[in-house]
Amino acid sequence: RGNGSSFNPVRTARQIDTERKTDFLAAPGHPDAIAHYHYRQGKRGGRAFPGRGDISPSEFSRLLPHITIVEVLEGGRDFRFRLYGSAMAAMTGHDRTGEYFSKLEAAPGAKISSEETRRYWMDYGRQVLEAQGPVFTKAPLIPGAGERIMLHSAVLPLTAGGTEIGQVLAGAFTRAPERTQA
């Protein structure tokens, strides 16, 4: 952890806390999500979205384990994980690279069904298409033994060379929840 990354090498599968809602934020709420967003913004130029060809993973290698690249298929009727970062795979307990959202199965040990898993990811993918811009979220996770941590996401649209959103560059970063004083 000395390199500034939010990657936690403990391989405990985590799941979304379905008892609490995901918060949609006006701006990224985690230092790594902010860095991820600023990198993508710097690649936009005067365009609404940068193209996938503008993005070079070597330029954000520290964040790469937390990055997911999603391909938009048939105008958002389906999506496919082109890359599922190693921190994401460690966090969820498996690597989803190559999987289609419409065919996703629940993660091992998940408390939600495969159908709920597919619906969750499809809704998430469609939200960035509807927003026609970045989506920032904060969601509680349960890594095990009742411990709660927060997952901060910056979900950023890219084109596939034209003007339509063709891919999504998402970063997901964890942080212990903010403590409140009694």
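Analyst: Let us begin with aromatic rings. This is a predicted model, and in it ring pairs join Phe 79, Phe 81, Tyr 84, Phe 101, Tyr 120, Trp 121 and Tyr 124 into a cluster.

User: How many aromatic pairs are there by this rule?

Analyst: The count is 10 aromatic pairs. One of them is formed by Tyr 37 and Phe 136, an edge-to-face pair with 5.2 Å centre to centre and 85° between the planes. This pair links distant parts of the chain, with Tyr 37 in helix 1 (residues 31–42) and Phe 136 in strand 5 (residues 135–144), 99 residues apart.

User: Is Phe 136 buried or exposed?

Analyst: A residue is called buried when its relative accessible area is under 20%. Phe 136 has 6% relative accessibility, so it counts as buried.

User: Which ring has the charged end of Lys 103 over it?

Analyst: It is the ring of Tyr 100, with the charged end 5.6 Å from the ring centre.

User: In what order do the elements run from the N terminus on?

Analyst: The order is β-β-α-β-β-α-α-β-β-β, which comprises three helices and seven strands. Of the 182 residues, 46% count as buried.

User: Which residues touch the most other members of the largest nonpolar core?

Analyst: That core has 25 residues, and those touching the most other members are Val 70, Val 72, Phe 79, Phe 81, Phe 101, Val 155 and Val 168. Among the elements that each supply at least two residues of this core are strand 3 (67–73), strand 4 (78–84) and strand 7 (165–175). Helix 3 gives the largest share, five residues.

User: With which residues is Phe 79 in contact, leaving aside its neighbours within four places in sequence?

Analyst: The contacts of Phe 79 include Val 70, Val 72, Tyr 100, Phe 101, Met 122 and Leu 129. There is also a second, separate core of 14 residues, which includes Tyr 39, Phe 60, Ala 154 and Leu 169.

User: Where does Ala 154 lie, and what is its relative accessible area?

Analyst: Ala 154 lies in strand 6 (residues 147–159). Its relative accessible area is 0%, so Ala 154 is buried. Leaving aside neighbours within four places in sequence, Ala 154 is in contact with residues including Ala 33, His 36, Phe 136 and Leu 169. Val 135 is another of these contacts; Ala 154 and Val 135 are 19 residues apart in sequence and 6.0 Å apart in space, C-alpha to C-alpha.

Notes
Residues are numbered from 1 along each chain as its sequence is written. This is a predicted model: local features need pLDDT of at least 70, side-chain atom pairs count only at pLDDT 80 or more; totals for chains, interfaces and linings use all residues. Side-chain values use heavy atoms; hydrogens and water are left out. Helices (H or I, at least four residues) and strands (E, at least two) are DSSP runs, numbered from the N terminus. Buried means under 20% relative accessible area, exposed over 50%, partly exposed in between (1.4 Å probe, protein chains only). Contact means heavy atoms within 4.5 Å. Rings of Phe, Tyr and Trp (its six-membered ring) pair if their centres lie within 6.5 Å; planes under 30 degrees apart count as stacked, over 60 as edge-to-face and the rest as tilted. A charge sits over a ring if NZ of Lys or CZ of Arg is within 6 Å of the ring centre and within 35 degrees of the ring normal. A nonpolar core is a set of buried Ala, Val, Leu, Ile, Met, Phe, Trp, Tyr and Cys residues joined through side-chain atoms within 4.5 Å.
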